[in-house]
Amino acid sequence: MAAASTSMAATAALLPPRATRTSVAAARVSSLPYLPSRFSSHPAKLYSEPQRLSLVQIRASSDDSPASVDAGELFTDLKEKWDALENKSTVILYGGGAIVAVWLSSVVVGAINSVPLLPKIMELVGLGYTGWFVYRYLLFKSSRKELAEDIEGLKKKIAGTE
């Protein structure tokens, strides 16, 4: 703002005394549309009192937050859980497999994205599937119940309780 006011003062010093701000604006020829001057009014005057108060941002401090996590405590918990594992090689194998799967999927998505028309077609397929899913499972009460039962059955299979 200070740089703009100094450049305005320098422009006013170079112009003859009869030149005003409107004649300076009229003298400039630009292909841009007309914009109101930044110097005409203060931005706070444009808003009413409740709107001005809604623009204020409040930052919360986390000094006395009970949810803060101690890094040392986190590492000791992880170490205890790692020591309690019997099949460490299986966990490492599954973790490595997950990392490779994520990397491979990002490579496939990148390759699909580089084909000119394919991303738009995939977007249409995704929108179509979303519409079908909403119609099939979310629109009617009986189908929502069926979806909830399917999800509960899947949770039981994953947890190993079934």
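UniProt, in an unreviewed entry, lists residues 91–112 as "transmembrane region"; its positions are given in the numbering used here, feature names are shortened, and annotations may be inferred rather than shown by experiment. In the model, that stretch is 100% helix and 0% strand, with its end C-alpha atoms 31 Å apart. The model is predicted, so to speak of local features requires pLDDT of at least 70, side-chain atom pairs count only at pLDDT 80 or more, and totals for chains, interfaces and linings use all residues. Residues are numbered from 1 along each chain as its sequence is written, and side-chain values use heavy atoms, with hydrogens and water left out.

Let's step back to the whole chain. The protein has 7 helices and 0 strands, where helices (H or I, at least four residues) and strands (E, at least two) are DSSP runs numbered from the N terminus. Of its 162 residues, 2% count as buried; buried means under 20% relative accessible area, exposed over 50%, and partly exposed in between (1.4 Å probe, protein chains only). The accessible surface comes to about 14,900 Å², and 65% of that belongs to carbon and sulfur atoms. Such areas come from the Shrake-Rupley method with a 1.4 Å probe, and for residues only the protein chains shown count as cover.

Val 100, Trp 103, Leu 104, Val 107 and Val 108 make a nonpolar patch of about 470 Å². Patches are made of residues with over 30% relative accessible area and no salt bridge, like charges being joined within 9 Å and nonpolar side chains (Val, Leu, Ile, Met, Phe, Trp, Tyr) within 5 Å. Val 108 sits in helix α5 (residues 88–114) and counts as partly exposed because its relative accessibility is 43%.

The whole structure contains 5 aromatic pairs; rings of Phe, Tyr and Trp (its six-membered ring) pair if their centres lie within 6.5 Å, with planes under 30 degrees apart counted as stacked, over 60 as edge-to-face and the rest as tilted. One of them joins Tyr 129 and Trp 132 in a tilted arrangement, 5.5 Å centre to centre with 35° between the planes. Both residues lie in helix α6 (residues 118–138), 3 residues apart, about one turn of the helix. Trp 132 also pairs edge-to-face with Tyr 137, at 6.1 Å centre to centre and 85° between the planes. Tyr 137 is buried because its relative accessible area is 15%, while Tyr 129 counts as exposed at 51%. Ring pairs link Tyr 129, Trp 132, Phe 133 and Tyr 137 into a cluster.

Charged contacts come next. Side chains of opposite charge can pair when their charged atoms come close. There are 3 salt bridges in the structure, each a side-chain nitrogen of Lys or Arg within 4 Å of a carboxyl oxygen of Asp or Glu. Asp 83 and Lys 79 meet at 3.3 Å, N to O; they are 4 residues apart in helix α4 (residues 71–84), so about one helical turn separates them. Arg 136 bridges to Glu 146, with the closest N and O atoms 3.1 Å apart. This pair links distant parts of the chain, with Arg 136 in helix α6 and Glu 146 in helix α7, 10 residues apart. Glu 152 and Lys 155 pair at 3.6 Å between their closest N and O atoms, both within helix α7.
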